Amino acid sequence: MKAIRVIRDEHRAIAAVVHGMIHLVRDIRERGAKPNFQLFGAMIYYIDAFPERFHHPKEDGYLFRLLRLRHPDAKTLLDRLEGEHRTGAHKIRTLEQALARYQHGGESEFPVFAKAVEDYAAFHWEHMRAEESEVMPLAEKYLTAEDWKAIDDAFLGHSDPMVGADAGSEYQALFTRICNLAPPPIGVGPSAD
Ligand SMILES: [Fe+2]
Ligand SMILES: [Fe+2]
(Lines give C-alpha, C1' and ligand atoms only; values in the text may rest on other atoms or scores of the structure.)
(Ligands and ions follow the chains in the order given, each with its own letter.)
Protein backbone atom coordinates (compact mmCIF):
# COMPACT_ATOMS: atom_id res chain seq x y z
CA MET A 1 0.00 0.00 0.00
CA LYS A 2 2.65 2.46 -1.08
CA ALA A 3 -0.13 4.62 -2.51
CA ILE A 4 -1.26 5.62 1.00
CA ARG A 5 2.12 7.17 1.70
CA VAL A 6 2.15 8.90 -1.70
CA ILE A 7 -1.37 10.32 -1.15
CA ARG A 8 -0.37 11.64 2.28
CA ASP A 9 2.81 13.19 0.83
CA GLU A 10 0.84 14.83 -1.99
CA HIS A 11 -1.68 16.17 0.55
CA ARG A 12 1.19 17.60 2.65
CA ALA A 13 2.62 19.36 -0.42
CA ILE A 14 -0.74 20.96 -1.29
CA ALA A 15 -1.35 21.85 2.38
CA ALA A 16 2.10 23.48 2.63
CA VAL A 17 1.30 25.83 -0.26
CA VAL A 18 -2.22 26.59 1.05
CA HIS A 19 -0.82 27.34 4.53
CA GLY A 20 1.88 29.46 2.93
CA MET A 21 -0.84 31.57 1.29
CA ILE A 22 -2.70 31.96 4.60
CA HIS A 23 0.55 33.06 6.23
CA LEU A 24 1.26 35.66 3.51
CA VAL A 25 -2.31 37.00 3.74
CA ARG A 26 -1.90 37.37 7.51
CA ASP A 27 1.41 39.20 7.06
CA ILE A 28 -0.27 41.67 4.72
CA ARG A 29 -3.25 42.16 7.05
CA GLU A 30 -1.40 42.34 10.35
CA ARG A 31 2.00 43.72 9.47
CA GLY A 32 1.27 45.64 6.29
CA ALA A 33 3.68 43.43 4.30
CA LYS A 34 3.97 44.21 0.59
CA PRO A 35 2.14 41.58 -1.53
CA ASN A 36 4.32 39.41 -3.76
CA PHE A 37 2.01 38.81 -6.73
CA GLN A 38 4.49 36.61 -8.56
CA LEU A 39 4.56 34.28 -5.54
CA PHE A 40 0.77 34.28 -5.11
CA GLY A 41 0.43 33.52 -8.83
CA ALA A 42 2.83 30.56 -8.63
CA MET A 43 1.05 29.24 -5.53
CA ILE A 44 -2.40 29.42 -7.11
CA TYR A 45 -1.07 27.81 -10.27
CA TYR A 46 0.35 24.99 -8.14
CA ILE A 47 -2.81 24.33 -6.11
CA ASP A 48 -4.76 24.34 -9.37
CA ALA A 49 -2.53 22.23 -11.61
CA PHE A 50 -1.10 19.73 -9.12
CA PRO A 51 -4.40 18.43 -7.66
CA GLU A 52 -6.38 18.97 -10.85
CA ARG A 53 -4.06 17.22 -13.32
CA PHE A 54 -2.06 14.93 -11.08
CA HIS A 55 -3.65 14.05 -7.74
CA HIS A 56 -7.44 13.92 -8.22
CA PRO A 57 -7.38 11.88 -11.47
CA LYS A 58 -5.55 9.08 -9.61
CA GLU A 59 -7.99 9.21 -6.70
CA ASP A 60 -11.04 9.16 -8.98
CA GLY A 61 -9.70 6.64 -11.50
CA TYR A 62 -8.13 4.13 -9.14
CA LEU A 63 -8.71 4.47 -5.40
CA PHE A 64 -12.33 5.66 -5.51
CA ARG A 65 -13.30 3.52 -8.51
CA LEU A 66 -12.08 0.30 -6.88
CA LEU A 67 -13.51 1.18 -3.47
CA ARG A 68 -16.92 1.75 -5.10
CA LEU A 69 -16.73 -1.81 -6.46
CA ARG A 70 -15.61 -3.47 -3.22
CA HIS A 71 -17.69 -1.44 -0.79
CA PRO A 72 -20.83 0.06 -2.40
CA ASP A 73 -21.81 1.65 0.94
CA ALA A 74 -19.02 4.18 0.37
CA LYS A 75 -21.01 5.69 -2.52
CA THR A 76 -22.31 8.76 -0.65
CA LEU A 77 -18.88 9.62 0.69
CA LEU A 78 -17.13 9.07 -2.66
CA ASP A 79 -19.83 10.99 -4.59
CA ARG A 80 -19.25 13.92 -2.24
CA LEU A 81 -15.46 13.82 -2.63
CA GLU A 82 -15.60 13.46 -6.43
CA GLY A 83 -18.03 16.39 -6.46
CA GLU A 84 -15.50 18.39 -4.45
CA HIS A 85 -12.82 17.60 -7.06
CA ARG A 86 -15.04 19.45 -9.53
CA THR A 87 -16.17 22.31 -7.26
CA GLY A 88 -12.56 22.78 -6.13
CA ALA A 89 -11.69 23.80 -9.69
CA HIS A 90 -14.40 26.53 -9.57
CA LYS A 91 -13.10 27.76 -6.23
CA ILE A 92 -9.64 28.14 -7.77
CA ARG A 93 -11.11 30.25 -10.60
CA THR A 94 -12.62 32.50 -7.89
CA LEU A 95 -9.22 32.70 -6.24
CA GLU A 96 -7.51 33.61 -9.55
CA GLN A 97 -10.05 36.34 -10.24
CA ALA A 98 -9.72 37.73 -6.72
CA LEU A 99 -5.93 37.80 -7.13
CA ALA A 100 -6.19 39.63 -10.48
CA ARG A 101 -8.55 42.21 -8.93
CA TYR A 102 -6.20 42.70 -5.98
CA GLN A 103 -3.15 43.02 -8.23
CA HIS A 104 -4.75 45.51 -10.61
CA GLY A 105 -7.36 47.14 -8.38
CA GLY A 106 -5.20 47.77 -5.34
CA GLU A 107 -5.63 47.50 -1.60
CA SER A 108 -9.41 47.90 -1.53
CA GLU A 109 -9.61 44.46 -3.23
CA PHE A 110 -7.48 42.76 -0.56
CA PRO A 111 -10.34 41.69 1.81
CA VAL A 112 -12.09 39.75 -0.98
CA PHE A 113 -8.83 38.03 -1.96
CA ALA A 114 -8.04 37.21 1.68
CA LYS A 115 -11.48 35.69 2.14
CA ALA A 116 -11.11 33.60 -1.04
CA VAL A 117 -7.78 32.23 0.28
CA GLU A 118 -9.29 31.41 3.68
CA ASP A 119 -12.39 29.80 2.14
CA TYR A 120 -10.27 27.66 -0.14
CA ALA A 121 -8.03 26.58 2.74
CA ALA A 122 -11.01 25.50 4.88
CA PHE A 123 -12.59 23.67 1.95
CA HIS A 124 -9.45 21.83 1.01
CA TRP A 125 -8.52 21.00 4.58
CA GLU A 126 -11.86 19.26 5.15
CA HIS A 127 -11.53 17.44 1.81
CA MET A 128 -8.12 15.97 2.69
CA ARG A 129 -9.28 15.15 6.21
CA ALA A 130 -12.20 13.10 4.84
CA GLU A 131 -9.90 11.26 2.43
CA GLU A 132 -7.34 10.42 5.09
CA SER A 133 -9.61 9.62 8.00
CA GLU A 134 -12.69 8.21 6.21
CA VAL A 135 -11.66 6.84 2.78
CA MET A 136 -8.30 5.34 3.70
CA PRO A 137 -9.56 3.15 6.57
CA LEU A 138 -12.31 1.79 4.27
CA ALA A 139 -9.76 1.20 1.50
CA GLU A 140 -7.48 -0.66 3.90
CA LYS A 141 -10.39 -2.81 5.00
CA TYR A 142 -12.10 -3.63 1.69
CA LEU A 143 -9.59 -3.47 -1.18
CA THR A 144 -7.84 -6.61 -2.39
CA ALA A 145 -4.10 -7.15 -2.92
CA GLU A 146 -4.72 -6.90 -6.67
CA ASP A 147 -6.54 -3.58 -6.21
CA TRP A 148 -3.59 -2.22 -4.24
CA LYS A 149 -1.20 -3.30 -6.97
CA ALA A 150 -3.17 -1.24 -9.52
CA ILE A 151 -3.47 1.75 -7.14
CA ASP A 152 0.20 1.64 -6.16
CA ASP A 153 1.24 1.54 -9.83
CA ALA A 154 -0.93 4.57 -10.55
CA PHE A 155 0.31 6.60 -7.58
CA LEU A 156 3.93 5.69 -8.18
CA GLY A 157 3.53 6.90 -11.77
CA HIS A 158 3.93 3.56 -13.52
CA SER A 159 0.62 3.24 -15.32
CA ASP A 160 -0.35 6.58 -16.87
CA PRO A 161 2.16 8.91 -18.55
CA MET A 162 -0.19 11.89 -17.98
CA VAL A 163 0.14 11.54 -14.22
CA GLY A 164 3.45 9.63 -14.27
CA ALA A 165 6.91 10.16 -12.90
CA ASP A 166 7.82 12.96 -15.37
CA ALA A 167 4.72 14.95 -14.50
CA GLY A 168 5.58 14.42 -10.82
CA SER A 169 9.04 15.93 -11.22
CA GLU A 170 7.57 18.99 -12.98
CA TYR A 171 5.36 19.69 -9.97
CA GLN A 172 8.29 19.07 -7.65
CA ALA A 173 10.25 21.71 -9.58
CA LEU A 174 7.35 24.16 -9.26
CA PHE A 175 7.13 23.46 -5.52
CA THR A 176 10.86 24.21 -5.21
CA ARG A 177 10.37 27.47 -7.13
CA ILE A 178 7.62 28.50 -4.68
CA CYS A 179 9.96 27.71 -1.75
CA ASN A 180 12.66 29.85 -3.37
CA LEU A 181 10.26 32.78 -3.86
CA ALA A 182 8.56 32.59 -0.45
CA PRO A 183 9.98 34.50 2.52
CA PRO A 184 10.85 32.66 5.74
CA PRO A 185 9.29 30.83 7.54
CA ILE A 186 7.37 29.50 4.49
CA GLY A 187 10.36 29.24 2.18
CA VAL A 188 13.92 30.44 1.70
CA GLY A 189 13.21 33.48 -0.49
CA PRO A 190 13.92 37.15 0.32
CA SER A 191 12.19 38.58 3.39
CA ALA A 192 8.94 40.49 2.77
CA ASP A 193 10.20 43.51 4.78
FE1 LIG B 1 -9.32 14.40 -3.37
FE1 LIG C 1 -6.58 13.84 -2.09
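Author: A crossing of two helices is called left-handed if the near helix is turned anticlockwise from the far one by less than a right angle, and right-handed if clockwise. The model discussed here is predicted.

Reader: Is the crossing of helix 2 and helix 6 left-handed or right-handed?

Author: Helix 2 covers residues 37–70 and helix 6 covers residues 165–181, and their axes lie 10 Å apart. By the definition above, the crossing of this pair is left-handed.

Reader: How are helix 2 and helix 6 directed relative to each other, roughly parallel or roughly antiparallel?

Author: The two helices pack at an angle of about 160°. Angles over 145 degrees count as roughly antiparallel. Helix 2 and helix 6 are therefore roughly antiparallel.

Reader: How many nonpolar residues does the contact of helix 2 with helix 6 have?

Author: Helix 2 contributes residues including Leu39, Tyr46 and Phe50, while helix 6 contributes Tyr171, Leu174 and Ile178, among others. Two residues of this contact are polar and two are charged, and the number that are nonpolar is 14.

Reader: Which helix gives the most residues to the lining of the largest pocket?

Author: Helix 1 (2–31), helix 2 and helix 6 each supply at least two residues of that lining. The greatest contribution, six residues, comes from helix 6.

Reader: Which residues that line the largest pocket are the closest to its centre?

Author: The largest pocket holds about 270 Å³ of space. Its lining comprises eleven nonpolar, five polar and two charged residues. Of these 18 residues, the closest to the centre are Glu10, Phe50, Phe54, Gly168 and Gln172.

Methods: Residues numbered from 1 in each chain as written. Chains lettered and ligands numbered in written order. Predicted model: local features only at pLDDT ≥ 70, side-chain atom pairs only at ≥ 80, totals over all residues. Heavy atoms only, no water. Axes fitted to C-alpha atoms, helices over the stretch in contact; angles between N-to-C directions. Helix = DSSP H or I, 4+ residues; strand = E, 2+ residues; numbered from the N terminus. Parallel < 35°, antiparallel > 145°, perpendicular 65-115°, else oblique. Contact = heavy atoms within 4.5 Å. Nonpolar A, V, L, I, M, F, W, Y, C, P; charged D, E, K, R; others polar. 1 Å grid on protein atoms, 1.4 Å probe; cavity = no way out; pocket = protein on both sides within 12 Å on 5 of 7 lines; lining within 4 Å. Points joined across faces, edges and corners; volume = space filled by probe spheres on them.
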